[in-house]
2 protein chains.
Amino acid sequence: MQTYTHHNNELSMAHLGNEVYLKGWAAKVRNLGGLIFIDLRDRKGVTQLVVKPENPFYELALKIRNEYVIEAKGIVIERESKNKQLHTGEIEVDVKELILLNSAETPPITISDNTDALEDTRLKYRYLDLRRPVMQNYLIKRHQITQAIRQVLVDEGFLELETPILGKSTPEGARDYLVPSRLYPGTFYALPQSPQIYKQLFMVAGLERYFQVARCFRDEDLRADRQPEFTQIDIEASFVDMDDIQAIIEKIMVKTFKKVLNTDIQTPFLKMSYQEAMEKYGSDKPDMRYELLIQDYNDVFKTIDLPLFKGKSHVRGLLFEQGQTITRKRIDQYTEVVKKNHGDMLAYIRMQDGQITGSIAKFLTEEQVKSLKLSEGSILFLVAGEFEPVSQALGALRIEIANEFKLIDENAFKFLWVVDWPLLEYSEEEKRFYAKHHPFTAPVDAKILKDDPKNAMAKAYDIVLNGYEIGGGSIRIHSQEVQRLMFDTLGLSQEDITNRFGFFVDALKYGTPPHGGLALGLDRVVMLMTKTANIKDVVAFPKTQSAKDMMMQAPSDVDQKQLDELMIKVGK
Amino acid sequence: MQTYTHHNNELSMAHLGNEVYLKGWAAKVRNLGGLIFIDLRDRKGVTQLVVKPENPFYELALKIRNEYVIEAKGIVIERESKNKQLHTGEIEVDVKELILLNSAETPPITISDNTDALEDTRLKYRYLDLRRPVMQNYLIKRHQITQAIRQVLVDEGFLELETPILGKSTPEGARDYLVPSRLYPGTFYALPQSPQIYKQLFMVAGLERYFQVARCFRDEDLRADRQPEFTQIDIEASFVDMDDIQAIIEKIMVKTFKKVLNTDIQTPFLKMSYQEAMEKYGSDKPDMRYELLIQDYNDVFKTIDLPLFKGKSHVRGLLFEQGQTITRKRIDQYTEVVKKNHGDMLAYIRMQDGQITGSIAKFLTEEQVKSLKLSEGSILFLVAGEFEPVSQALGALRIEIANEFKLIDENAFKFLWVVDWPLLEYSEEEKRFYAKHHPFTAPVDAKILKDDPKNAMAKAYDIVLNGYEIGGGSIRIHSQEVQRLMFDTLGLSQEDITNRFGFFVDALKYGTPPHGGLALGLDRVVMLMTKTANIKDVVAFPKTQSAKDMMMQAPSDVDQKQLDELMIKVGK
């Protein structure tokens, strides 16, 4: 097949008089005073073709409809009325030969950047939705981002190694997807939630530096930014400490942002302890693109004799200085936000026309008011209770206000390392510890893990971008003894340890080097870099929020024969 | 953690006197006249450390056993007795500081290139098996090969795009692995046997050039060179013909062999029709590293009045000229090979000491013998019957003899395109057609597919290396009408088409460009390039022939709770 000479974004005045050969889709066809204009589209752009009435292909050109696939040979000529918006807008191609490669019915969604099609329709006709230039751009960027990240890792001596998709079910945390085995009826493989154990085994094997663009699976009830399968850039290295991994990730980000977005990213990234992040931002993934910090107001309010504050260990608040326009109704909505995010009640005080008003204004002494230093128009939101829920509630309110008042610099990329994590968290309900990251995270001090697990700290670090956790990592436990202690502390029985992690605990005793790593959420990184709010936009064939493939209609019924071979039956 | 200054393959006389910092595993520890020598190993190589009795770390050095993980700082000195076999054999490192990072129990398999461990043991302790340099090399080569292939594709404008692992079951050919859905009890996802439909949809979407290092799954009874999951380099392009795809694949091979093995590959690759491959080699994937061609002997033998030949449409044979040493017993074994490969019986004639002997010698006239032109020591093997089974049987015998008599140039890489495939094959048992490749392969002439499907030819091409099919591809059907005709010819009912491929047939009508592609079997390519005979060697964590993970013990039992959530039960 004759190859095209140019993509449809390439021709300009420099090509005047050239004979060119183009292919693509008819994006728009117009018949103006006998001249037929066709906007020819491919993944790179659009070029205008013109077919004159005396052209032997004029009859054919008359038949071309939107989305027909055509080839055209012609001469580049200057346009009479130029289109400054279009890269190729100064020229058009005077068609000498036109070939129809395929016709098209009218598509159920319009092929243009703007669409008013419903999401379900777009997902059902994904192959048409992906024909829209804006959608193609997401996938092209995803490709570029993946290549840029990989290049840094390859240059740094990391080996790209593949790990199995058919693994073993070791549920701890999320739910596994299971795959029935035909050869061993009644047993199951599980799809990996991450290649965590495999990548640590690569370190045991002495491969020293590993990465993988790894598909991972979680059978969880989905949120807007989650898919049942997702991709992580999975990284592990031996003979490293936290700084080494962080330096590699920073290098990845600098080079990838430069290459793909031509944006300069400053390093080293800011570091903040988990504790400070909770204190100031009420979040373990603070958005650093704006201030509006949470502050302690214990001094002022703890003495006030109101049920709201009484007996509460913390009174914390957000002081917002441009609060003039916030209505009572809006504050009621804020209260809902606070309640949804573990907060008890929302109190507030505002300074308006030199007067203090608000739900608790009348309980304050003049001196107390003075100490708050409220400027005209400012409003102070207060929540009282335990440190974590209070901070989380105010953190959520902080985001609400930032969005509403456009405090966020949408062009900024603000990276942050959240460090100094607690190793464990205690579930009061279940009366047991859970690993804050995962049970392979190394403690800063194994003695504290043993003697005072509540206060054990982890060699863990999350990377946060614009308020999203885009990756989490840690130095891993490389001592068999400490790994056993960790499992013990988590309340796993000896039998549990043996059944689920026996081979892994075994592996640790044959000369395991110190090692650590990180996993970057590729979908989220692409989402943030392309500035879309919808993770589905950056996944070629995504599933709905209820884990359904609208295009293929999966999951689906299967033949009874298939179930018989697997010796499984459907039903309670 | 302090970074090492060198890997263990790097130091030479050029570094004499340098202070260096090394890490790795104690591969061998010797105590010679008070001096302790430690071979320190990492993924790159080995460096000898020496610790003298006066060294403050001598006591520690005495404790080092094989596979302990250590760090050493020291000075590069010249060795007294040099080891020419070793890259670093002229020097050693006089240790100044030694740190024990982790101890090791005696491993159950020896960590060296040669092993006598059983395969099951090696698979169980895969993390130790992978510590053997020869095994690490397979994975390192796999990494390099993958990068080299990807680089060509990226440079050629292909986009690396991901397709779902959780797809829809559309069994046609191999068995699908199924994944029960929790949200829609009784329905199932299927793991992809290949991303075939997705990649064609990318073409419908106008993404024009796609590739993926794609994981694929087949729940088949495994052969030695098959794994339940495998990796293919999946490639698709629009506006191409067969030559275009073949040219890209040839470029991939040339660049990859040069980069990874420093081997020059000649292009264009030889092309041979399927018919000729069967005629001369009795195989659709002929090994071109040696001759020993199959020939027709109809003229001579069809007239002979023996049940062996009577009424048979074809008498074909292999003439082997160095057959002196072949015993009767061996010929009996050859007969088994022939029978296992669709052959009926094996006859033979040999020329020894000027005499004709062999199972059918006495039935031949002198003239007939003369026409065979048998040289001294040669032996002619004959099989009679239908063309395909006869040729396959002789093809298998050809391989058997080539291996036995070392006719194969083990250093050669002989590529071949097998082209001009029939589109369909007819199953006499089931009285229906099957697609020789898959139902999306374009016919050379759709009219013949309609009028005379038995004789329809396909726009298909397989790439063969050293007797292995390493990839298969085709130009696809891009017309909805032809696709429907194809499904009809395969005997799919309208309901079947709608249920299984409805969305795809639908997609074809909205302006689908001509397109085609190929999938390369990465595991096989790596296997051939690293010259191992065992596909498990090039897969990091392979499964056994019965699809078992010996290390993790998967598949395994799962909790009843997991099954309850999926609403499935085990049992007939």
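Guide: Here is a short tour in questions and answers.

Guide: This is a predicted model, where local features need pLDDT of at least 70, side-chain atom pairs count only at pLDDT 80 or more, and totals for chains, interfaces and linings use all residues. Residues are numbered from 1 along each chain as its sequence is written, while chains are lettered from A and ligands numbered from 1 in the order in which they are written.

Visitor: How many helices and strands are there in chain A?

Guide: Chain A has 16 helices and 25 strands. Both are DSSP runs numbered from the N terminus: helices are H or I with at least four residues, strands are E with at least two. The C-alpha trace of chain A spans about 90 × 75 × 50 Å along its principal axes.

Visitor: What is the span of helix H9 of chain A, and what is expected?

Guide: H9(A) covers residues 328–340, 13 residues, and reaches 19 Å from its first C-alpha to its last.

Visitor: Which residues of H9(A) are called buried?

Guide: They are A:Tyr334, A:Thr335 and A:Val338. Buried means that 20 or more other C-beta atoms (placed from the backbone) lie within 10 Å of the residue's own; exposed means 12 or fewer, and partly exposed is in between. Seen down the axis of H9(A), the buried residues fall within an arc of 105°, taken from the directions from the helix axis to the C-beta atoms, so they line one face. On the other side, A:Lys329, A:Asp332, A:Glu336 and A:Lys340 are exposed.

Visitor: What do the buried residues of H9(A) pack against?

Guide: Strand E16 (379–385) and helix H11 (387–404) of chain A. Contact here means C-beta atoms, placed from the backbone, within 7 Å.

Visitor: Why are strands E6 and E11 of chain A said to stand at the edges?

Guide: Eight strands of chain A form an open, mixed sheet in the order E6-E9-E10-E24-E23-E22-E17-E11. E6 (159–160) and E11 (270–273) each have a single partner strand, so one side of each is left without a neighbour in the sheet. Strands pair if DSSP finds at least two bridges between them. E23 (residues 468–475) and E24 (residues 515–521) of chain A have five bridges in the antiparallel sense, so they meet that cut-off. Among the residues facing each other, A:Gly471 stands opposite A:Leu520 in E24(A).

Visitor: What makes strand E10 of chain B mostly covered?

Guide: Ten of its ten residues (229–238) are buried. B:Glu229, B:Thr231, B:Ile233, B:Ile235 and B:Ala237 point one way, and B:Phe230, B:Gln232, B:Asp234, B:Glu236 and B:Ser238 the other. Nine bridges join E9(B) to E10(B) in an antiparallel run, with B:Arg215 opposite B:Thr231. Seven bridges join E10(B) to E24(B), also antiparallel, and B:Glu236 has B:Gly517 as its bridge partner there.

Visitor: How do you know how chains A and B are related?

Guide: A rotation of 180° with 0.0 Å of shift along its axis superposes chain B on chain A, with an RMSD of 0.2 Å. The two copies are thus related as by a two-fold rotation axis.

Terms used: The expected span of a helix is 1.5 Å times one less than its number of residues. Two residues are in contact if their C-beta atoms, placed from the backbone, lie within 7 Å. Copies are superposed by least squares on the C-alpha atoms of residues with pLDDT of at least 70 in both.
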